[in-house]
Amino acid sequence: MAFGEWIRVLKRWGWLALIPTALGLLAAGVDRPPAPAYQTSIRLAVGIRPEGRGDYDYEGYYRWLSSEYLAAGVAAWVRSRDFAERAAARLQAEGLALPPPAVQGALASDYQRSLVVLYVTAPDPGMAEAIARAAVEVARQEVGQVWPQAGEGMTVLTPLDTPVVSPTAPSLRSRLERPFRIALGLVVGLTLAFLAYFMDPRIWDRTDVERLGFRVLGEIRQRRPR
């Protein structure tokens, strides 16, 4: 399509293209920015104490293997409702009342071999640090209650980091959502304008006549009132 055809479409149906574009601008304008969030992470080394010289574990092989299994279990436990209730109870004892669902939503975890990583995300930096400390204490002190087969006092979870809270970067979706709404409104508007142009049965000028396959012999311009 030639550039002149674009101009003709916009002159004739530009008002139709402006409606979705204006709606996209309005939707982008009323969109609230996401609430600030803060995150911290703590790594926990998972280990099993040796039972003594009579422990036939092939130079610690079974202890390493057990610690890897336990790390996978702890990572899953951190995301559970049981862990959230234990952490919420510890926070309440420290003077911070948070419901277990809020604590559970703030926690995430991952593991690699004998290493567990706790992630805490909260709308307040103080809250993120408090949840992180409570989660570490629950994991260290109450892991034996969840897995008694590990033996009393045999499981050791050692924190490798101290909670350092930092603001999270805005997600790619939140950064692109406003421009996407505007672009979507513009694309929809242009689509409607071109559809209206090509489906309009009326004759506006000689170009419409020539597009129908007729030859224009003459043209009488509209007389402007004086």
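These are my notebook entries on a predicted model.

**Overall layout**

I began with the element count: the protein has seven helices and five strands. Reading from the N terminus, I wrote their order down as α-β-α-α-α-β-β-α-β-β-α-α. I then looked up burial and found that 29% of the 226 residues are buried. Of the contacts with a separation of 6 or more, 76% are between residues 24 or more positions apart.

**Strands**

I went to the pairing of β3 next. β1 and β3 run antiparallel and are joined by eight bridges. Within this pair I picked out R43, whose bridge partner in β3 is V117. β2 and β3 also run antiparallel, with six bridges joining them. Here I noted A108, which stands opposite Y119 in β3.

I looked at the connection between β2 and β3 as well. The two strands form a hairpin with two residues between them. In the turn, R113 has a positive phi of about 55 degrees.

S114 is in the loop between β2 (107–112) and β3. Is S114 buried or exposed? I count S114 as buried because its relative accessible area is 12%, and the cut-off for buried is under 20%. I listed what S114 touches beyond its neighbours within four places in sequence: L44, A45, V46, W64, S67, E68 and A71.

**Nonpolar cores**

I turned to the largest nonpolar core, which has 34 residues. Which of its residues touch the most other members? They are L44, V74, F83, V103, L107, V116 and I131. Two or more residues each come from β1 (38–48), α2 (61–78), α3, α4 (100–106), β3 (115–122) and α5 (125–146). The element that gives the most is α5, with ten residues. I recorded another core apart from this one, made of eight residues, including V9, L16, A196 and Y197.

V116 is in contact with I42, R43, L44, V46, A71, V74, A75, D110 and Y111, once its neighbours within four places in sequence are set aside.

F83 sits in helix α3 (residues 81–93). F83 counts as buried because its relative accessible area is 0%. Not counting residues up to four places away in sequence, I found F83 touching W77, V78, L107, A135, V138 and A139. I took the C-alpha separation for one of these contacts, A139. F83 and A139 are 56 residues apart along the chain, and their C-alpha atoms are separated by 8.3 Å.

**Surface patch**

Last, I looked for nonpolar side chains on the surface. F180, L184, V188, L192, L195, F198 and M199 form a nonpolar patch there. Together these residues have about 700 Å² of accessible area. I checked M199 by itself and placed it in helix α6 (residues 172–199). M199 counts as exposed because its relative accessibility is 65%, and the cut-off for exposed is over 50%.

**Entry to keep**

F83 belongs to the largest nonpolar core, and M199 to the nonpolar patch on the surface.

How values were computed:
Residues are numbered from 1 along each chain as its sequence is written. This is a predicted model: local features need pLDDT of at least 70, side-chain atom pairs count only at pLDDT 80 or more; totals for chains, interfaces and linings use all residues. Side-chain values use heavy atoms; hydrogens and water are left out. Patches are made of residues with over 30% relative accessible area and no salt bridge: like charges are joined within 9 Å, nonpolar side chains (Val, Leu, Ile, Met, Phe, Trp, Tyr) within 5 Å. Accessible areas come from the Shrake-Rupley method with a 1.4 Å probe; for residues, only the protein chains shown count as cover. A salt bridge is a side-chain nitrogen of Lys or Arg within 4 Å of a carboxyl oxygen of Asp or Glu. Helices (H or I, at least four residues) and strands (E, at least two) are DSSP runs, numbered from the N terminus. Buried means under 20% relative accessible area, exposed over 50%, partly exposed in between (1.4 Å probe, protein chains only). Contact means heavy atoms within 4.5 Å. A nonpolar core is a set of buried Ala, Val, Leu, Ile, Met, Phe, Trp, Tyr and Cys residues joined through side-chain atoms within 4.5 Å. Two strands pair if DSSP finds at least two bridges between them.
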